[in-house]
Amino acid sequence: MNDRTVVLNAKTVNYDGKIDYSKISSEVKIYSETSEDQIIERVQGFNIVITKEMKLDKEIILKFPDSVRMICEAGTGYNNINLEAVQEKGIILCNVPDYSSKRVSHTAIMLMLNLASSVQKQIRMLERNNYDNFRKHLIVDHIELNGKTLGVVGYGHIAKEIIKVAEALGMKILVSTRTSRKDEGKVHFTTTEELFKNSDFISLNCPLNSKTRHMINQETLALMKNTAFVINTARGPLINESDLIQAIDSGIIAGAGLDVQEVEPLDETSPLYTMDKVIITPHIGWKGLETRQRLISLIKENISAFSVGKPINVIR
Ligand SMILES: NC(=O)C1=CN([C@@H]2O[C@H](COP(=O)(O)OP(=O)(O)OC[C@H]3O[C@@H](n4cnc5c(N)ncnc54)[C@H](O)[C@@H]3O)[C@@H](O)[C@H]2O)C=CC1
Ligand SMILES: O=C(O)C(=O)CO
């Protein structure tokens, strides 16, 4: 069995000590954290490398010893890993699809409901004022979601979960994805440009790659309604953050809900922290306990499949 496994940054998943990596394969070495200059030394002699959101660039992967036959990204997005180098080394790269789709969809819907009811603004007003003032002077926007249009970029696992809830809320659904498709039920497929023009909420649910990086920028923001909100639970660099901040500040769009940011953790000087029409969460979409337990059992399935010569969830 070629399943000698090293986990390089277990703490990213097991930050609360409730997650057990020890049974994912017959032999596992677990490191809580690994710095960039420790990677090569730590993967020596192992067949399988487990990482989460760690940058594995071309230079590092090309230095991997020949013992390493598989890298498993402990998550869905794998934009942190250089695909060219993986291919050049003949290493199998797999990910974990669909372990967190429901949990991430809850986060996207939470951000949308929160923005629709100005919850963040109300909490801030409560913090700043006593309750009497709060009651007397509170004027915040409350919009109804029924009848509004949700535009979803991407039509994968998470997008479909978000759409189920949005439909139950009475929203109209537009979707743009890589390939053109026929409408499915009430889901209307369109171009990204039309989606940006016609949506009240825009939810990003596609991978980050060279085609999608900065898909939200000054130009595309200008297409949107001035009442539109952008929700990003996918990857921060899908949005040019300074263009977004400017667009919200100048009323080009209404606001944003961002579970992911261009650079994580978000710099403490970022204006996003204090904007009333922006809600930020620190990439918590996937962080439920049940979600993380499911992640570990799916990693175990990836390893078992690989060790009997039938790898699953293969990216490259
Ligand atoms: N916030 C969080 O904690 C989490 C974030 N994610 C992120 O969410 C992303 C989506 O996850 P899933 O729905 O599970 O992935 P998925 O692979 O099931 O779906 C991705 C969808 O995006 C579409 N797509 C690809 N390129 C596109 C483009 N240029 N324009 C429009 N659509 C495009 C694909 O055709 C597919 O429909 C992941 O790549 C990951 O980056 C995933 C899990 C947790
Ligand atoms: O699984 C993913 O892609 C996430 O973003 C969580 O790490």
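1. The protein's secondary structure consists of 11 helices and 12 strands, where helices (H or I, at least four residues) and strands (E, at least two) are DSSP runs numbered from the N terminus. Its radius of gyration, taken over C-alpha atoms, is 21 Å, close to the 20 Å that the globule rule gives for 316 residues, so the protein is as compact as a globular protein of that length; the globule rule itself is 2.2 Å times the number of residues to the power 0.38.

2. A word on the basis of this note: this is a predicted model, in which local features need pLDDT of at least 70 and side-chain atom pairs count only at pLDDT 80 or more, while totals for chains, interfaces and linings use all residues. Residues are numbered from 1 along each chain as its sequence is written, chains are lettered from A and ligands numbered from 1 in the order in which they are written, and side-chain values use heavy atoms, with hydrogens and water left out.

3. For the overall picture, the C-alpha atoms fill a box of roughly 65 × 50 × 35 Å along the principal axes, and 48% of the 316 residues count as buried, where buried means under 20% relative accessible area, exposed over 50%, and partly exposed in between (1.4 Å probe, protein chains only). Among contacts (heavy atoms within 4.5 Å) between residues at least 6 apart in sequence, 62% join residues at least 24 apart.

4. Val7 can be followed in both pairings, for its bridge partner in S2 is Ile30, and its bridge partner in S3 is Ile50.

5. Helix H10 (residues 241–249) has as its buried residues Glu241, Asp243, Leu244, Ile245, Ala247 and Ile248, and these pack against helix H9 (218–223), strand S11 (255–258) and strand S12 (278–280). An α-helix has 3.6 residues a turn, so residues three or four places apart point the same way. After H10 comes Gly251, which has a positive phi near 75°.

6. Some backbone angles deserve a careful look, since most residues other than glycine have a negative phi, and most peptide bonds are trans. The peptide bond from Glu264 to Pro265 is cis, with omega near -5°, and Pro265 lies in the loop between S11 and S12. Glu53 is not a glycine, yet its phi is positive, near 55°; this residue sits in the loop between S3 and helix H2 (58–62) and is partly exposed, with a relative accessible area of 35%. Asp98, likewise a residue other than glycine, has a positive phi near 60°; its place is in the loop between strand S5 (92–94) and helix H4 (101–116), and at 39% relative accessibility Asp98 counts as partly exposed.

7. Finally, Gly156 lies in the loop between strand S6 (149–153) and helix H7 (157–168) and is partly exposed, with a relative accessible area of 33%. Gly156 and Cys206 are 50 residues apart in sequence, and their C-alpha atoms are 7.6 Å apart in space.

Methods
Two strands pair if DSSP finds at least two bridges between them.
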